[in-house]
Amino acid sequence: PGLMRFHQLVERKYAGIGRRKSAWWYRDGENNQLHSRMRGKNIVRPVLAAKPGHVQIDLTDHTSKPSGAFKWCFNCIDLFSRHLWVVMMRNKEAPTCARALRTIAAQANFKEWATVCQSDQDPSFRAAVFQDALDEIGLKQVLSKTYSSTSQAKVERAQQTVVDRGAAGSS
């Protein structure tokens, strides 16, 4: 009944459109796809974006911005709750990054819930001082692929949000 009614309405307005064309357009329409009944029982269950205990870390360069002595931001995001911690740093050397990670871990109590720390291939994250900090906290480090923006997507998006909000607040 819906297809016949649709063809009648189209036929009134436009001449020369047959039932086959209107049926094709009707069945292929977005409205019909959204509101049609599901066929079969192929129900896809939602999957959690990340498991609890997985954090991503990255550095943001602020050397071109007038921020005083602090030129770098150490960013850490919990992938499950999307909570972001930011520590301003004077340089991006490994001891400074390790100190920032220890500060965040003490504040967020990582020893109780965090298990995996994902980072990019930055040399300061691969240094022995930083590895000692990870071992002290009890985190296993997973290095993401080089030149892959999607592997660190959540922390990169959070960094961009912080930069955008900071730029909006300073103007």
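Helices (H or I, at least four residues) and strands (E, at least two) are taken here as DSSP runs, numbered from the N terminus. The model is a predicted one, in which local features need pLDDT of at least 70 and side-chain atom pairs count only at pLDDT 80 or more, while totals for chains, interfaces and linings use all residues. Residues are numbered from 1 along each chain as its sequence is written, and side-chain values use heavy atoms, with hydrogens and water left out.

Five strands form an open sheet of mixed pairing, in the order β3-β2-β1-β4-β5, where two strands are said to pair if DSSP finds at least two bridges between them. Because β3 and β5 (140-143) stand at the edges, each with a single partner strand, one side of each is left without a neighbour in the sheet. Strand β1 (residues 54-61) pairs with strand β2 (residues 72-78) in the antiparallel sense over seven bridges, and Phe 74 in β2 is the bridge partner of Leu 59.

Helix α4 (residues 94-108) lies across β1, β2 and β3 and runs at about 145° to β3; for such angles, axes are lines fitted to C-alpha atoms, for helices over the stretch in contact (heavy atoms within 4.5 Å), and the angles run from 0 to 180 degrees between N-to-C directions. Helix α7 (residues 128-137) also packs on the sheet, touching β1, β2, β4 (116-119) and β5, and its direction makes about 130° with that of β5.

Met 88 has its place in strand β3 (residues 84-89) and is partly exposed, with a relative accessible area of 37%, where buried means under 20%, exposed over 50% and partly exposed in between (1.4 Å probe, protein chains only).
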